[in-house]
Amino acid sequence: MEITNVTEYEAIAKQKLPKMVFDYYASGAEDQWTLQENRNAFSRILFRPRILIDVSKIDMTTTVLGFKISMPIMIAPTAMQKMAHPEGEYATARAASAAGTIMTLSSWATSSVEEVASTGPGIRFFQLYVYKDRNVVAQLVRRAERAGFKAIALTVDTPRLGRREADIKNRFTLPPFLTLKNFEGLDLGKMDKADDSGLASYVAGQIDRTLSWKDVKWLQTITTLPILVKGVLTAEDARIAVQSGAAGIIVSNHGARQLDYVPATISALEEVVKAAAGRVPVFLDGGVRRGTDVFKALALGASGIFIGRPVVFSLAAEGEAGIRKVLQMLRDEFELTMALSGCCSLKEITRDHIVTEWDQPRTQPVALPRL
């Protein structure tokens, strides 16, 4: 069967992967309300297309932290990709590079920063979890710098792991033939079996619950790399992020895997964009499955979006070729959406191109004259 959209890869991944692995990638926290809402919220935003505009040439290029990329569609950090496919993060890195876009490598990758760098040129960011042992953190950041990574995406929504009931039921743990490659030499690369989720136990043991804004400042003392704060959902935190020296903000609810009943990221986006007030770029992560979703995010003020699950599902289904196809399909759909909305470049995408459920009616109803 020919695959014609990004969503179709999920069912193929479900067939191919062991239940424990598929459930780990696919599930969200608790009732999974936010998991559904991350998708559903996009469907409540409608277009106001402009017509009779010359759209014969469309430019989707943009810059992120000064790096030129082919489109505002980037790869989010997703953990343990070798569970999906033997090539794991290597395949993802090559696909991102071929598409001319950015890959973010997870701290909990099954390939190291050095291994990913060895795949060839490419613009790569490194997602960071802050461990209790700050020497581990400093070492990891230095390794990412040396391997040519261009930014740190600091995950700030995980002082504890969210309650992912599928992982508890499945007694999730990293398969024995894999390790968290970045921590292999530090005796932190293995995950023990546990009575619930092995990952939850690992996080409880290793990740620092005292993490606070002062640590964002501390991180700037140990690296010159720009820091993106990943996991902001409110205007209040957006303002503090800017004051704390963040180079950018990623509006993210961790793929709905942390606190359930937070809003969809597309619903939280505009509040954060307004609070950032153009001082730093704001990106969106979560729920993007269509080119139309990308356009909606940009219309609400995002500088770009990140995709997570579509990457691991397409990786499971078809390896590197699957990820390439996902990036190409999203690119093609986004280009078509721009054309049909009357936009030739990203700067032409405005708030007026969409209408959301929270907008006031644009025009007052006109009283028709009585005949």
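The model is a predicted one, in which local features need pLDDT of at least 70 and side-chain atom pairs count only at pLDDT 80 or more, while totals for chains, interfaces and linings use all residues. Residues are numbered from 1 along each chain as its sequence is written, and side-chain values use heavy atoms, with hydrogens and water left out.

Strand 11 pairs with strand 4 (residues 73–75) in the parallel sense over three bridges, two strands being paired if DSSP finds at least two bridges between them. In this pairing I73 stands opposite I305. Strand 10 (residues 282–285) also runs parallel to strand 11 and is joined to it by three bridges, with F283 opposite G304. Between strand 10 and strand 11 the chain passes through helix 12 (residues 291–299), and this β-α-β crossover is right-handed, that is, with the strands pointing away from the viewer, the path from the first strand over the helix to the second runs clockwise.

The aromatic side chains come next. Rings of Phe, Tyr and Trp (its six-membered ring) pair if their centres lie within 6.5 Å, and planes under 30 degrees apart count as stacked, over 60 as edge-to-face and the rest as tilted; the count by this rule comes to nine aromatic pairs. Among them is the stacked pair of F22 and F313, at 5.6 Å centre to centre and with 25 degrees between the planes. Because F22 lies in helix 2 and F313 in helix 13, this pair ties together parts that are 291 residues apart in sequence. F22 is buried, at a relative accessible area of 6%, and F313 is buried as well, at 4%. The rings of W108 and Y129 are also stacked, because their centres are 4.0 Å apart and their planes stand at 25 degrees. W108 belongs to the loop between strand 5 (103–105) and helix 5 (113–117), and Y129 to the loop between strand 6 (124–128) and helix 6 (134–146), so the pair ties together parts 21 residues apart in sequence. W108 counts as buried at 2% relative accessibility, and Y129 is buried with a relative accessible area of 6%. Elsewhere, ring pairs link Y24, Y25 and F172 into a cluster.

The cavity is lined by 31 residues, of which P77, T78, H254, G255 and R257 lie nearest its centre. Helix 2, strand 11 and helix 13 are the elements that give two or more residues to this lining, and the largest share, three residues, comes from helix 13.

The largest pocket holds about 290 Å³ of space. It is lined by 16 residues, and the closest to its centre are E10, L35, R39, R289 and R309. Helix 3 gives the most to this lining, with four residues.

Two residues deserve a look at the backbone. Most residues other than glycine have a negative phi. Q32, in the loop between helix 2 (19–26) and helix 3, has a positive phi near 60 degrees and is partly exposed, with a relative accessible area of 24%. A256, in the loop between strand 9 (248–251) and helix 11 (265–276), has a positive phi of about 65 degrees, and at 0% relative accessibility A256 counts as buried.

Technical notes. 1 Å grid on protein atoms, 1.4 Å probe; cavity = no way out; pocket = protein on both sides within 12 Å on 5 of 7 lines; lining within 4 Å. Points joined across faces, edges and corners; volume = space filled by probe spheres on them. Buried < 20%, exposed > 50% of the residue type's maximum accessible area, 1.4 Å probe, protein only.
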